[in-house]
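Open the model in your viewer and keep the selection tool at hand.

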Amino acid sequence: MATRDIILFGAPGAGKGTQAKRIVAHLGIPQISTGDILRAAVRAGSALGLKAKPFMDLGRLVPDDIIIGVVEERIREPDCQLGCLFDGFPRTLAQGEALDDMLGRAGRNVIVIGLEVAEEELTRRLSGRWTCPQCQRTYSDPGTCTVDGARLEQREDDKPETVKKRLQAYREQTAPLKDFYQKRGRYRAVDGLGSEDEVWRRVRKVIEG
Ligand code: AP5
Ligand code: MG
């Protein structure tokens with residue numbers, strides 16, 4: 001059976017986590033969100049969490065060697081053998097090259113769905129984001145999770161100062177990956193403005209096209 005590997009690319013707040021849930025439900029492949037993995041590690045107080053936390057709190061990227069090791073380990077698991085959805089990875093050219101190596105060794109290659117959203121909208125979304133601490137679903141209003149009933153929380157790094165730093169890290173370190181994938185003919189731009197359903201219709205067209 002053909003493998004299906006997809007990178008969901010975009011700035012903080014572009015809607016990667018939101019659309020990721022729909023893609024994985026539609027295609028039946030696992031979601032690998034490096035942000036979710038790191039936040040779980042921080043909550044658990046593991047060695048990974050202790051190393052990552054200071055970077056995350058400052059809105060900076062966690063060093064490549066740490067992240068690449070985490071993903072390498074994760075994609076060796078049995079549920080990843082027919083493909084995965086990468087959410088928030090890769091985020092530097094070094095991570096992009098490492099992922100090409102990992103998948104290339106298995107004869108797999110990847111398409112990139114780039115959710116494109118203007119910066120003022122990103123800031124607006126992040127400052128109004130509420131997250132379920134259990135399942136990580138996100139909402140634009142406070143309250144409880146419609147799936148598991150947990151009380152929604154605001155993410156530590158959604159404070160305005162940290163949001164600025166995250167957007168800066170995106171511009172400087174992550175945005176160059178767009179060109180990297182465009183040159184390889186792998187980049188598919190999707191307009192990330194509009195309702196979640198509207199964006200999902202555009203995303204679905206790309207994954208089914
Ligand atoms: P990570 O968890 O990956 O965060 P991020 O990239 O900053 O992205 P977000 O999760 O903030 O945004 P999203 O695109 O998922 O948007 P969402 O769907 O939630 O990373 C966190 C940190 O971990 C990093 O800063 C770094 O320190 C570290 N890290 C992680 N991966 C790393 C890596 N590979 N290398 C190095 N370090 C790494 O939507 C946002 C909001 O908008 C929500 O409220 C949502 O309800 C709302 N929304 C979604 N879609 C729409 C829509 N169409 N219209 C209106 N509102 C919408
Ligand atoms: Mg996310």
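How many residues surround ligand 1, and which are the closest? Select ligand 1: 34 residues surround it, and the closest are Thr18, Arg60, Arg91, Arg129 and Arg166. To be near, a residue needs a heavy atom within 4 Å.

A word on the conventions. This is a predicted model, in which local features need pLDDT of at least 70 and side-chain atom pairs count only at pLDDT 80 or more, while totals for chains, interfaces and linings use all residues. Residues are numbered from 1 along each chain as its sequence is written, chains are lettered from A and ligands numbered from 1 in the order in which they are written, and side-chain values use heavy atoms, with hydrogens and water left out.

**Backbone contacts.** Select glycine 15. One of its polar backbone atoms is 3.0 Å from an oxygen atom of ligand 1. Go on to glycine 17, where a polar backbone atom is 2.9 Å from an oxygen atom of the ligand. At glycine 88, a backbone N or O atom lies 3.0 Å from a nitrogen atom of ligand 1. A polar contact here is a pair of N or O atoms within 3.5 Å.

Now show the surface. The protein covers 95% of the 1,000 Å² of accessible area that ligand 1 has on its own (Shrake-Rupley method, 1.4 Å probe).

**The shell.** Colour by element: helices are DSSP runs of H or I with at least four residues, strands are runs of E with at least two, and both are numbered from the N terminus. Helices H1 (16-27), H2 (34-44), H6 (119-127) and H9 (196-208) and strand S6 (138-139) each give two or more residues to the shell around ligand 1. H2 gives the most, with four residues.

**Helix pairs.** Select H1 and H9. They pack at an angle of about 45 degrees, with their axes 10 Å apart (axes are lines fitted to C-alpha atoms over the stretch in contact; angles run from 0 to 180 degrees between N-to-C directions).

Next, select H6 and helix H7 (residues 160-174). Their angle is about 140 degrees and their axes are 11 Å apart. H6 is therefore oblique to H7.

**Two loop stops.** Select phenylalanine 89 and proline 90. A cis peptide bond joins them, with omega about -5 degrees. Proline 90 lies in the loop between strand S3 (85-87) and helix H5 (93-105).

Finish at glutamine 136, in the loop between strand S5 (130-131) and S6. Its phi is positive, about 70 degrees, although it is not a glycine.

Technical notes:
A polar contact is a pair of N or O atoms within 3.5 Å; within protein, one must be able to donate a hydrogen and the other to accept it, and residues adjacent in sequence count only if both atoms are side-chain atoms. Angles under 35 degrees count as roughly parallel, over 145 as roughly antiparallel, 65 to 115 as roughly perpendicular and the rest as oblique.
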